[in-house]
Amino acid sequence: MAIAQGIQKKEHTNKFTDSLKNRIEVGINGGLSLNQFTKGQPQTSSNTGYTAGLLINYRLPKNLSLQLEINALQQGGRMIRFKDDTRIGLPESFNSKNVKNSSYLLNSIEVPLLINYTFKIKPTWKPSVYLGGSYAYTYNVSEKYQKTGDLLPGEDIIATVSGSQNATNLFNTSRFNLIVGANAKLPLIYKFMLLIDFRYLKGLTPARENYSYIEKTGFGSDIKTNSFLTRIGITMPLK
């Protein structure tokens, strides 16, 4: 019995080792994104989203490989805005003077191109590190907010309202990201492998331009997206 189990384990290891020699590999994956806007403006913080997608990996010489992906990706973060239109002559009211805390999710189609380097540690344990970039096309931006202000000016009655709305027009449609990350592939059954992946996306181009948290002309700065992604998936060699 012990000999049979040893032979079976060796065959499984050999299949996995052989699969690592294949030139082309495909996979699916999904996970979570932890997002935050850059701190060009001080009133920003983080929120969470998701990512899911497909990948194709082409193995090159010297432990290198080229990887192309197409992903659904949520990025974004939180912003606090202080509105005071009484400074331009409007009467004080809940709509003209308030504090708004918004959480934005930028729903995008992302296309990363990555170069991987794989370390040879064990036959069934070959972690990789990678570097590359991605293009993100944002087709929709959702905003959830809480707005707080004096309901009746002069009466000191503070009210908070919550809501959601589409905010696509506030953000750029196209963005570019720098990507650094690491992953590991572990044997499952047949030639399937479990993919565990961690990556960081740094925004290279603005998601929103000239944003001012006090809505003052000439006081704004460009806001970019930064995200940390954790993903899990399954890959399989083709040939």
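I take contact to mean heavy atoms within 4.5 Å. With that cut-off, I find that residues 24 or more positions apart account for 69% of the contacts in the chain with a separation of 6 or more.

**Basis.** I work on a predicted model, in which local features need pLDDT of at least 70 and side-chain atom pairs count only at pLDDT 80 or more, while totals for chains, interfaces and linings use all residues. I number residues from 1 along each chain as its sequence is written, and side-chain values use heavy atoms, with hydrogens and water left out.

**Overall layout.** I looked up the secondary structure and found one helix and 11 strands. From the N terminus on, the order is α-β-β-β-β-β-β-β-β-β-β-β. Helices (H or I, at least four residues) and strands (E, at least two) are DSSP runs, numbered from the N terminus. I note that 39% of the 239 residues count as buried; buried means under 20% relative accessible area, exposed over 50%, and partly exposed in between, with a 1.4 Å probe and protein chains only. The chain exposes about 13100 Å², of which carbon and sulfur atoms supply 61%. This area comes from the Shrake-Rupley method with a 1.4 Å probe.

**Nonpolar cores.** I define a nonpolar core as a set of buried Ala, Val, Leu, Ile, Met, Phe, Trp, Tyr and Cys residues joined through side-chain atoms within 4.5 Å. The largest core has 11 residues: Phe37, Met79, Tyr104, Leu106, Val141, Ala167, Phe171, Ala207, Tyr211, Tyr213 and Ile223. Apart from that core lies another of six residues, among them Leu114, Ile179, Leu201 and Leu229. I then listed the contacts of Val141, leaving aside its neighbours within four places in sequence: Tyr104, Leu105, Leu106, Gln165, Asn166, Ala167, Thr168 and Phe171.

**Leu229.** I place Leu229 in strand E11. Leu229 counts as buried because its relative accessible area is 1%. Not counting residues up to four places away in sequence, Leu229 touches Leu32, Ser33, Thr51, Leu73, Asp197, Phe198, Arg199 and Leu201. I also recorded a C-alpha to C-alpha distance of 7.1 Å between Leu229 and Gly31, which are 198 residues apart in sequence.

**Cavity.** I searched a 1 Å grid over the protein atoms alone; a cavity is a set of points where a 1.4 Å probe fits but cannot get out, a pocket is an open set with protein on both sides within 12 Å along at least five of seven lines, and lining residues have an atom within 4 Å of a point. Grid points are joined across faces, edges and corners, and a volume is the space filled by probe spheres set on the points. I find one cavity of 30 Å³ or more. About 30 Å³ of space lies in the largest cavity, which is lined by Leu55, Gln67, Asn183, Lys185, Leu195, Asp197, Arg231 and Thr235. Strand E7 (174-187), strand E8 (193-203) and strand E11 (225-237) are the elements that give two or more residues to this lining. By class, the lining of the largest cavity has two nonpolar, three polar and three charged residues. Here Ala, Val, Leu, Ile, Met, Phe, Trp, Tyr, Cys and Pro count as nonpolar, Asp, Glu, Lys and Arg as charged, and the others, Gly among them, as polar.

**Second largest pocket and Arg208.** I record a volume of about 240 Å³ for the second largest pocket. Of its 18 lining residues, Arg81, Leu170, Arg208, Tyr211 and Glu215 are the closest to its centre. Strand E3 (64-84), strand E4 (97-118), strand E6 (157-166) and E9 each supply at least two lining residues, and E9 gives the largest share, four residues. The lining of this pocket divides into five nonpolar, six polar and seven charged residues. Arg208 itself lies in strand E9 (residues 208-211) and counts as buried, at 13% relative accessibility. Beyond its neighbours within four places in sequence, Arg208 is in contact with Met79, Tyr104, Leu170, Phe171, Asn172, Ser221, Asp222 and Ile223.

**Positive phi.** Most residues other than glycine have a negative phi. I noted Lys62, with a positive phi near 60°, in the loop between strand E2 (44-59) and E3. Lys62 is exposed, at 74% relative accessibility. I also noted Tyr190, with a positive phi near 55°, in the loop between E7 and E8. Tyr190 is exposed, with a relative accessible area of 52%.
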